[in-house]
Every structure is written in structure tokens, then in C-alpha cells.
Amino acid sequence: MDSKQTTRLSKFLSKHLRHAPEEIGLHLEPGGWVAVADLLAACAAHGYPLTRDELEDIVEDNDKQRFAFDESGQRLRAQQGHSVDVDLQLAPVAPPAVLYHGTAPAALPAIRATGLQKMSRHHVHLTADEATARRVGQRRGRPVLLAVDAAALHAAGGVFYRSGNWVWLVDSVPAQYVREMAD
Ligand code: HQG
């Protein structure tokens with residue numbers, strides 16, 4: 001499979017495992033899982049046929065490790081990024097002292113006023129490394145890098161989760177924990 005096809009399939013999987021499972025007749029189980037057999041059948045029925053081996057390659061090669069099989073290999077899920085109501089069954093973890101978030105200049109006034117909000121997703125997404133946060137911000141033009149005082153928010157009762165692909169997830173970050181970093 002060439003990289004164009006892989007990207008096309010990966011986007012299709014992201015869409016349906018994170019946002020619109022019903023659109024192709026899937027239902028996410030607790031944890032966000034779907035049976036691989038059901039997923040392959042649904043993909044084929046909607047114009048995205050792929051084999052189990054091709055799915056394994058997509059999961060393995062994905063640049064952000066967006067998908068993961070369960071231990072049996074019979075179920076797949078998106079590791080994070082959902083907008084559908086799903087309990088990923090992650091355990092709360094103490095975060096590193098500082099986490100980062102990349103955003104766009106246009107979002108800054110609202111973030112200054114109301115902190116980081118999850119918007120259409122299930123959680124606010126944070127990362128432990130600045131470079132990744134910068135890349136996330138770049139999707140919307142010039143990136144603005146924000147540092148989050150995760151230790152203080154955690155101490156104040158903020159509950160943090162870490163997805164299997166090392167994205168840090170939290171319900172919201174009140175403005176007093178957000179610091180704007182210089183370019
Ligand atoms: C902003 C991609 C106004 C927030 C990426 C962001 C990431 C506010 C946007 C993952 C706000 C939401 C998630 C507030 C936050 N007022 N705007 N109070 N609080 N925002 O896409 O974090 O390729 O839902 O800064 O790489 O950008 O899909 O979140 O700009 O890991 O795997 O509202 O999605 O990964 O945008 O990105 P998003 P995000 P994938």
C-alpha cells in the first residue's frame with residue numbers, strides 16, 4: 001500500500017473510531033473498542049476495503065500511534081482524540097511538572113479568559129514535549145506555545161490521564177495554570 005492510500009485509510013479510521021462510528025454501522029464498546037472483524041466489514045462496505053495485515057501495518061506505522069489493538073488482537077480503538085462520549089478506561093496518573101499545548105493566535109483571547117477547554121473533543125490534549133505542541137499549533141498557522149503548570153493543577157485536584165500514545169488528557173485547564181511562552 002502506498003503512503004497516500006495509508007493516509008486515506010488512516011483518516012477514515014480516525015473519523016469513525018473517534019467521531020462517527022454509527023455512520024458506518026459501528027458501535028464503540030466501553031474503552032472505545034470495536035471488533036476488528038466488524039471494523040474490516042464496515043470499511044469494505046463503505047468503500048475502504050483493507051485486509052487484517054494492511055490494518056496491522058497502518059496501526060504499526062502510524063506517525064502518532066493513533067490506534068491500538070487490545071491484548072487479544074481482536075479489537076481496535078483510537079488511543080485518544082474522541083468527540084463521541086466514550087470512557088477510555090484510563091487510570092488517572094500524576095503528570096510531569098510542566099505540560100505543553102500548541103494553539104493558534106486567534107484562540108488566545110478566549111484561552112486567557114476561560115483557560116483551555118476541551119472544545120469538541122473529550123479532553124484537552126497536552127504533551128510533555130514542546131516540539132510536539134508546536135506541531136499541533138502549526139496545524140492552524142503560526143503556532144503559539146503554552147506551558148501548563150500541571151503539578152499545581154494536579155495538586156489542586158485536576159485529574160490527568162495519559163493515552164497509550166503519550167498524549168496527556170485533562171478535562172480543562174483554568175487560566176491561572178496557563179503561561180504563554182515566547183516564540
Ligand atoms: C483551542 C491532533 C477557544 C485549542 C493534534 C485548539 C492533537 C480554545 C482548539 C489533537 C480554548 C481545539 C488535539 C478556549 C482551547 N477558547 N479555543 N477556551 N481552549 N482552545 O483539534 O489540542 O492528528 O480539538 O487550543 O495533533 O488542537 O488528530 O485540539 O486549538 O494531538 O491525531 O481549541 O489532535 O491529533 O482543537 O488537537 P482540537 P488540539 P490527530
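How many residues surround the ligand, and which are the closest? The shell holds 18 residues, and the closest are Arg18, Lys64, His101, Thr103 and Arg139; a residue counts if one of its heavy atoms lies within 4 Å of the ligand. This is a predicted model, in which local features need pLDDT of at least 70 and side-chain atom pairs count only at pLDDT 80 or more, while totals for chains, interfaces and linings use all residues. Residues are numbered from 1 along each chain as its sequence is written, and side-chain values use heavy atoms, with hydrogens and water left out.

**Location**
- Domain 1 (3–78) and domain 2 (98–180) both give residues to the shell, so the ligand lies between them; the domain bounds come from an automatic or database domain assignment.

**Shell make-up**
- By class, the shell has 6 nonpolar, 6 polar and 6 charged residues (Ala, Val, Leu, Ile, Met, Phe, Trp, Tyr, Cys and Pro are nonpolar, Asp, Glu, Lys and Arg charged, the others, Gly among them, polar).
- Strand E4 (98–103) and helix H4 (108–114) each supply at least two shell residues, and H4 gives the most, with 3 (DSSP runs numbered from the N terminus, helices H or I of at least four residues, strands E of at least two).

**Polar contacts and burial**
- Oxygen atoms of the ligand lie 2.8 Å from a polar side-chain atom of arginine 18 and 2.8 Å from a side-chain N or O atom of arginine 121.
- A nitrogen atom of the ligand is 2.9 Å from a polar side-chain atom of threonine 114.
- The ligand taken alone exposes 780 Å², of which the protein buries 86% (Shrake-Rupley method, 1.4 Å probe).

How values were computed:
Polar contact = N/O pair within 3.5 Å; in protein donor to acceptor, adjacent residues only side chain to side chain.
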